[in-house]
Each structure stands twice: as structure tokens, then as C-alpha cells.
Amino acid sequence: MARIAGVNIPTNKRVLIALQYIHGIGPKKAEEILAKTKISATARVNELTDAEVLQIRETIDSDYMVEGDLRREVSMNIKRLMDLGCYRGLRHRRSLPVRGQRTHTNARTRKGPAKAIAGKKK
């Protein structure tokens with residue numbers, strides 16, 4: 001099992017798909033990495049040589065922010081918004097949708113389970 005950026009990559013999948021198991025690498029970046037390293041996208045991970053895995057690892061380390069560093073930066077950006085007290089920061093603080101979605105009827109994922117209104121009788 002190949003280990004890249006602290007993530008065990010599945011060995012039986014194509015390299016293009018397996019790279020997407022790393023947080024911060026999607027389809028587009030996976031294609032870019034394979035183009036830089038000149039590795040076929042259709043090759044399977046278990047078919048890669050140690051040199052090719054090392055080449056992929058070095059490319060990711062030098063050119064991309066992934067896993068822990070990326071998670072840390074995103075959380076620091078959210079914390080900064082909350083400390084500023086801007087609208088987006090307030091929405092994060094209250095666990096409400098941040099990007100303008102309606103909350104009257106939807107947003108149950110973000111708001112959590114519906115709370116019954118106490119004392120209201122029909």
C-alpha cells in the first residue's frame with residue numbers, strides 16, 4: 001500500500017482516482033500531478049514503481065498544500081472571520097449557512113435536528 005502525504009492510498013484503483021483520497025487533491029489537481037510526473041492516468045497504484053511513488057510524493061510536497069496544512073489554514077481563515085465579527089464569521093459562530101442559502105424551511109444539516117416549540121398548542 002502506497003503512502004503519500006500521510007494517507008494510505010488504495011492499491012487496486014487507478015492512480016488518478018487514488019490520488020483523490022488525499023484531502024486537497026481533486027480530479028483537476030490529480031491530472032496536473034500525473035502530467036508533471038509523466039505517469040499514465042490509467043496505471044494502477046500497485047503497478048507503480050517505488051521511484052514513481054517517490055516522484056509523486058515529492059511533487060505533492062513541493063507544489064501543493066494538502067492534508068494537515070490545508071485543514072489548518074482553512075480553520076484559521078474561519079477563526080479569523082469569527083474574530084473580525086463580520087457577517088460570515090457570525091454565521092459560522094451560530095452554525096448557520098454562510099453563503100446566502102435560505103433557512104426558513106431548509107438548512108437542517110447545518111442547524112441540526114428540529115427543536116419542538118415548547119408551550120405552543122393547537
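The accessible surface of this chain comes to about 8,800 Å², and 51% of that area belongs to carbon and sulfur atoms; the areas were computed by the Shrake-Rupley method with a 1.4 Å probe, and for residues only the protein chains shown count as cover. Please note that this is a predicted model, in which local features need pLDDT of at least 70 and side-chain atom pairs count only at pLDDT 80 or more, while totals for chains, interfaces and linings use all residues. Residues are numbered from 1 along each chain as its sequence is written, and side-chain values use heavy atoms, with hydrogens and water left out.

Let me turn to the overall build. The chain has six helices and two strands, and from the N terminus on its elements run β-β-α-α-α-α-α-α. Its radius of gyration is 21 Å, well over the 14 Å that the globule rule gives for 122 residues, so the chain is more spread out than a compact globule. That radius is taken over C-alpha atoms, and the rule is 2.2 Å times the number of residues to the power 0.38. Along the principal axes, the C-alpha atoms fill a box of roughly 70 × 35 × 20 Å. Helices (H or I, at least four residues) and strands (E, at least two) are DSSP runs, numbered from the N terminus.

Of the 122 residues, 29% count as buried. Buried means under 20% relative accessible area, exposed over 50%, and partly exposed in between, with a 1.4 Å probe and protein chains only.

As to charge, the chain carries 26 positive and 12 negative side chains, and the centres of the two sets lie 21 Å apart. Lys and Arg count as positive and Asp and Glu as negative, with His and the chain ends not counted; each charge is placed at NZ of Lys, CZ of Arg, CG of Asp or CD of Glu.

I now come to one helix, α4. It has 18 residues and reaches 26 Å from its first C-alpha to its last, close to the 26 Å expected at 1.5 Å a residue, where the expected span is 1.5 Å times one less than the number of residues. Glu-67 lies in this helix, which covers residues 67-84. Is Glu-67 buried or exposed? At 16% relative accessibility, Glu-67 counts as buried. Glu-67 touches Ala-5, Val-7, Tyr-21, Ile-22 and His-23, not counting residues up to four places away in sequence; contact means heavy atoms within 4.5 Å.

Lys-79 also lies in α4, and at 45% relative accessibility it counts as partly exposed. After the helix comes Gly-85, whose phi is positive, near 80°.
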